[in-house]
Amino acid sequence: MIPSLMIGEEHPRTNGLSPALTVLVLDDSPAQRNMVCAFLRKWGHRAISTGDPVEALARARDPEISLILCDWMMPEMTGPEFCRCLRAEVTETYPYVLLLTSKNERSAVPEGLAAGADDFLSKPVRPPELQARMNAGARIVAMQRELRAKNGLLETTLDELQQVYSAIDRDLDEARRLQMASLQDRHCARDGGDVSLLLEASGHVGGDMVGHFKVCDYVVGLYSIDVSGHGVASAMLAARIAGMLSEASPDQNIAMQRGSDGAFHALSPELAAARMNALMLKEVQTDRYFTICIAFANLRSGAVRMVQAGHPHPMILRAGGQVDVIGDGGPPVGLLPDMPFTSFEAQLSPGDRLLLYSDGLTECPDPSGTMLDDAGLITLMRTHRDLAGTEFLDALRNGLVGFAGHEDFPDDLSALLFSYRGRG
């Protein structure tokens with residue numbers, strides 16, 4: 001039982017040292033409970049008392065209970081037993097437990113701490129010491145409640161953020177489907193040559209795009225685009241640029257013009273790049289830029305005229321297995337006005353294949369950080385020279401997985417393979 005407070009001790013009020021507490025007093029002696037509760041109320045606290053440990057456990061679930069004064073020796077349940085039950089059953093809140101013990105029980109203090117008690121008071125209890133320990137407990141309880149409140153706010157905020165992220169993920173998944181839907185068929189057979197495509201974003205959506213368009217019966221346009229950055233903005237810009245090179249709307253195709261005979265003709269590749277550069281700076285007005293390779297392939301002669309605007313050097317896999325790296329570089333599109341773009345020519349023979357690709361291939365690192373580079377890509381091309389079309393491109397991609405050691409590429413992958421057959 002809780003012994004009487006020492007006679008003659010001063011009984012100070014809270015005096016602002018701690019806020020008013022709701023204190024649960026557990027003691028099998030009604031007289032001792034009443035006396036302790038009287039002093040607690042005199043100090044400005046709310047006191048609740050019981051002699052039944054089971055009832056005390058039920059009352060302790062009340063979040064208003066800040067502190068529990070519990071006697072060590074009780075007939076139905078000892079103080080440590082009560083503490084163990086309290087910590088096991090009451091988990092939503094954390095009431096601070098002051099366990100009262102007599103001098104000859106001080107050796108059992110480790111048992112009380114292990115059971116879940118927070119502090120001890122020796123009997124007989126001195127009111128100043130009781131109040132001081134209650135103030136200390138009140139500070140701890142206040143910090144614990146503040147922490148719980150902040151954790152609750154954090155959990156609520158995280159839940160809200162998760163809902164936002166889930167919505168964004170759904171939108172990005174839809175954007176990815178739309179982006180892939182805008183990609184032309186992975187393989188297209190034309191009279192004189194086949195076009196095969198590879199496109200894989202490093203995230204939900206990417207800034208790469210590859211495609212082709214018909215200029216006339218014997219000329220096909222080819223392009224490979226890589227917009228700076230990643231994500232939705234880059235993907236939207238890539239889609240807009242691809243729209244400028246659409247076969248469906250030749251009048252709107254920035255790389256074509258209608259001749260005096262009414263037929264469409266290809267512009268020179270450098271002029272097409274210059275027109276894109278002017279459009280980017282005047283109308284698009286974004287801080288992003290892009291690299292692009294535009295090529296016009298003559299299906300009759302095998303002659304290819306192209307511009308390499310900041311894009312990686314095109315490669316030609318010859319029918320005999322030799323790989324030629326071609327191109328003279330050039331500035332990206334959308335950085336500065338009136339940039340000089342120049343075109344160059346290459347000659348394909350039947351069986352030759354032209355590869356346009358983004359730097360996601362050559363700049364892919366292995367586990368040590370070493371990039372594949374041009375030499376590595378050339379090796380992959382030679383290794384898989386017996387494959388054709390999309391199988392060849394898929395083999396390049398799988399070879400990149402083997403080189404990197406994983407499929408989580410740091411940059412978008414895109415490639416266009418033009419396989420020249422020749423026509424009469």
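Asp338 is placed in the loop between strand E15 (323-325) and strand E16 (343-347); helices (H or I, at least four residues) and strands (E, at least two) are DSSP runs, numbered from the N terminus. Asp338 has a positive phi of about 55° although it is not a glycine. Most residues other than glycine have a negative phi. Asp338 is exposed, with a relative accessible area of 76%; buried means under 20% relative accessible area, exposed over 50%, and partly exposed in between (1.4 Å probe, protein chains only).

A positive phi of about 65° is also found at Asp373, again not a glycine. Asp373 lies in helix H9 (residues 373-383) and is partly exposed, at a relative accessible area of 44%.

## Basis of the description

The model is predicted: local features need pLDDT of at least 70, side-chain atom pairs count only at pLDDT 80 or more, and totals for chains, interfaces and linings use all residues. Residues are numbered from 1 along each chain as its sequence is written, and side-chain values use heavy atoms, with hydrogens and water left out.

Strand E14 (residues 315-317) is joined to E15 by three bridges, and the two run antiparallel. Met315 has Val325 in E15 as its bridge partner.

## The E8-E9 hairpin

Strand E8 (residues 208-216) is mostly covered, with seven of its nine residues buried. Eight bridges join E8 to strand E9 (residues 219-227), and these strands run antiparallel. Together E8 and E9 form a hairpin with two residues between them. Phe213 stands opposite Gly221 in E9.

## The largest nonpolar core

The largest nonpolar core has 32 residues, and those with the most contacts inside it are Met276, Phe290 and Ile292. Such a core is a set of buried Ala, Val, Leu, Ile, Met, Phe, Trp, Tyr and Cys residues joined through side-chain atoms within 4.5 Å. Among the elements that each supply at least two residues of this core are E8, E9 and helix H7 (269-284). H7 gives the most, with six residues. Leaving aside neighbours within four places in sequence, the contacts of Met276 include Ile241, Leu245 and Val333.

## Aromatic rings

Rings of Phe, Tyr and Trp (its six-membered ring) pair if their centres lie within 6.5 Å; planes under 30 degrees apart count as stacked, over 60 as edge-to-face and the rest as tilted. By this rule there are four aromatic pairs. Phe39 and Trp43 form a tilted pair, 6.5 Å centre to centre with 40° between the planes, and both residues are buried. Phe213, Tyr223 and Phe296 form one aromatic cluster.

Notes: Two strands pair if DSSP finds at least two bridges between them. Contact means heavy atoms within 4.5 Å.
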